[in-house]
Amino acid sequence: MKEIDQIKDKQGWKDLYEVLNQIEAKNDIDFTLKVLKQILLEIRRQLMRKVIRPSSIPPIGAEQLKEVLITYLAKPSGGARPQAIVYALLKTFNDKTKTFAEITTAKATTADTYAGRVADIECRADNGALRLAVGVTDKLDAEKLKSELEKADRMHVKNLLLIGHRIKNMSEFNDVIKKYDINVAVSSLVEFIIIMTTLFNDQMRQKLIVKAYDALHELGY
């Protein structure tokens with residue numbers, strides 16, 4: 001399946017393919033029902049998981065919050081944690097400034113183009129027009145930058161923010177960026193966190209914690 005190259009969670013889709021292939025090969029209604037029941041049972045288990053939303057959060061300073069987030073992001077998560085944190089930061093900022101009418105994201109399992117999305121995070125105006133596309137990636141180098149810019153160019157994106165957890169060979173970025181008619185800003189994830197949390201007041205930093213929690217559950221992580 002050549003489409004597998006476009007899918008982020010390759011192993012998950014391979015496993016799904018194997019299960020469906022077994023169902024088709026056996027062509028047995030009893031076997032199919034057993035598989036369906038097991039799937040429904042797993043879905044039920046996920047839905048029944050106890051979720052405790054933080055009800056109260058003590059005041060937290062910018063430096064303390066920065067250290068907490070950086071420590072949290074140090075653990076590999078397949079891009080889940082960086083995406084959720086950036087999404088929560090933008091949502092918290094937007095609640096205060098009303099810069100965008102809507103900020104949306106989706107679980108990073110399928111390539112954005114296959115999911116009908118422009119980027120990992122989309123910031124839109126009242127009329128639905130895309131005002132800012134945000135890409136969040138674990139490693140950002142010149143090759144990845146070119147790939148993101150080519151995708152943005154195909155999707156007619158005019159304003160693009162790329163945030164990389166680990167950035168390599170940034171000295172090569174200008175040569176790549178100037179080939180595209182796109183307004184591009186590049187930031188490391190840590191720098192983005194430092195800037196945003198410094199701008200936030202105590203109330204916004206408290207709201208950020210809740211929004212990060214909600215984002216992780218919203219995305220199913």
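At what angle do helix α4 (residues 80-97) and α7 pack, and how far apart are their axes? Select both: the angle is about 25°, and the axes are 11 Å apart. Before going on, a bit of housekeeping: this is a predicted model, where local features need pLDDT of at least 70 and side-chain atom pairs count only at pLDDT 80 or more, while totals for chains, interfaces and linings use all residues. Residues are numbered from 1 along each chain as its sequence is written, and side-chain values use heavy atoms, with hydrogens and water left out.

**Stop 1**

Helices here are DSSP runs (H or I, at least four residues) and strands are E runs of at least two, numbered from the N terminus. Axes are lines fitted to C-alpha atoms, for helices over the stretch in contact, and angles run from 0 to 180 degrees between N-to-C directions.

Now show side chains. From α4, Pro-82, Ile-85, Val-86, Leu-89, Leu-90 and Phe-93 meet Leu-189, Phe-192, Ile-193, Met-196 and Thr-197 of α7, contact being heavy atoms within 4.5 Å. That contact splits into 10 nonpolar, 1 polar and no charged residues (Ala, Val, Leu, Ile, Met, Phe, Trp, Tyr, Cys and Pro count as nonpolar, Asp, Glu, Lys and Arg as charged, and the others, Gly among them, as polar).

**Stop 2: α3 and α7**

Among the contact residues, look for Leu-65, Leu-69 and Ile-70 in α3, and Val-190 and Ile-194 in α7. The contact has 9 nonpolar, 2 polar and 1 charged.

**Stop 3: α4 and α8**

Go back to α4 and pick α8 (residues 202-218), packed at about 130° with axes 8 Å apart. That makes α4 oblique to α8, in a right-handed crossing. The contact residues include Tyr-87 and Lys-91 in α4 and Met-204 and Lys-211 in α8. By class, this contact has 11 nonpolar, 1 polar and 6 charged residues.

**Stop 4: the cavity**

Finally, select Val-118, Ala-119, Ala-133, Val-134, Gly-135, Glu-148, Lys-151, Ala-152, Val-157 and Leu-160, which line the largest cavity. A cavity is a set of points on a 1 Å grid over the protein atoms alone where a 1.4 Å probe fits but cannot get out, and lining residues have an atom within 4 Å of a point. β3 (130-140) and α5 (142-154) are the elements giving two or more residues to this lining, which has 7 nonpolar, 1 polar and 2 charged residues.

Key:
1 Å grid on protein atoms, 1.4 Å probe; cavity = no way out; pocket = protein on both sides within 12 Å on 5 of 7 lines; lining within 4 Å. Parallel < 35°, antiparallel > 145°, perpendicular 65-115°, else oblique. Left-handed = near helix turned anticlockwise from the far one by under 90°.
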